[in-house]
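These are my notebook entries on a single chain.

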Amino acid sequence: MNVLARIKQCALLRQVRFTLKAAEERVSDDLTELEVLESLVNATDIDKRIRSTASNRQRQREYLYIIKAPTTRGEIVYTKGKLVNENGVLTYYLLVSAKLVN
């Protein structure tokens, strides 16, 4: 399964976690969690894949996926997140950023 399909599956199953920063950005832009999930499900592609520079990485290569996609109301949401595997099993999609595109 490709990466975008895996991210959409996590969104549909509500297997998405927000970091404190992502939750604050979401609230600041008056977005609901559902609108962020809608945006992920509505995505047609991944805008960019970047290598994580976080110092607390557990693996050598860890990628963050940037997605810009609309909610059902047509507002474009910017998200940045990573797929999290625990013991080799895809567990959830962790959002480190979730905000409206200006």
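**Entry 1: Surface and overall size**

I began with the surface: the chain exposes about 6300 Å², and carbon and sulfur atoms supply 46% of this area. Accessible areas come from the Shrake-Rupley method with a 1.4 Å probe, and for residues only the protein chains shown count as cover.

I noted that this is a predicted model, in which local features need pLDDT of at least 70 and side-chain atom pairs count only at pLDDT 80 or more, while totals for chains, interfaces and linings use all residues. Residues are numbered from 1 along each chain as its sequence is written, and side-chain values use heavy atoms, with hydrogens and water left out.

Along the principal axes, the C-alpha atoms fill a box of roughly 35 × 30 × 20 Å. The radius of gyration is 13 Å, which agrees with the value near 13 Å for a compact globule of 102 residues; it is taken over C-alpha atoms, and the globule rule is 2.2 Å times the number of residues to the power 0.38.

**Entry 2: Secondary structure**

I counted three helices and five strands, in the order α-β-α-α-β-β-β-β along the sequence. Helices (H or I, at least four residues) and strands (E, at least two) are DSSP runs, numbered from the N terminus.

I then looked up strand pairing, which requires that DSSP finds at least two bridges between two strands. Strand β2 (residues 48-51) pairs with β3 in the antiparallel sense over four bridges, and Ile50 has Leu64 in β3 as its bridge partner. β3 also pairs with β4, again antiparallel, over six bridges; here Tyr65 stands opposite Gly81 in β4. The hairpin of β3 and β4 has five residues between the strands, and in it Gly74 takes a positive phi near 95°.

**Entry 3: The interior**

Of the 102 residues, 37% are buried (under 20% relative accessible area; exposed is over 50%, partly exposed in between; 1.4 Å probe, protein chains only). A nonpolar core is a set of buried Ala, Val, Leu, Ile, Met, Phe, Trp, Tyr and Cys residues joined through side-chain atoms within 4.5 Å.

Which residues touch the most other members of the largest nonpolar core? Among its 19 residues, they are Ile7, Val16, Leu40, Ile67, Tyr93 and Leu95. The largest share of this core, four residues, comes from α1.

Beyond its neighbours within four places in sequence, Tyr93 is in contact (heavy atoms within 4.5 Å) with residues including Ile7, Val16, Leu40, Tyr65, Ile67 and Gly81.
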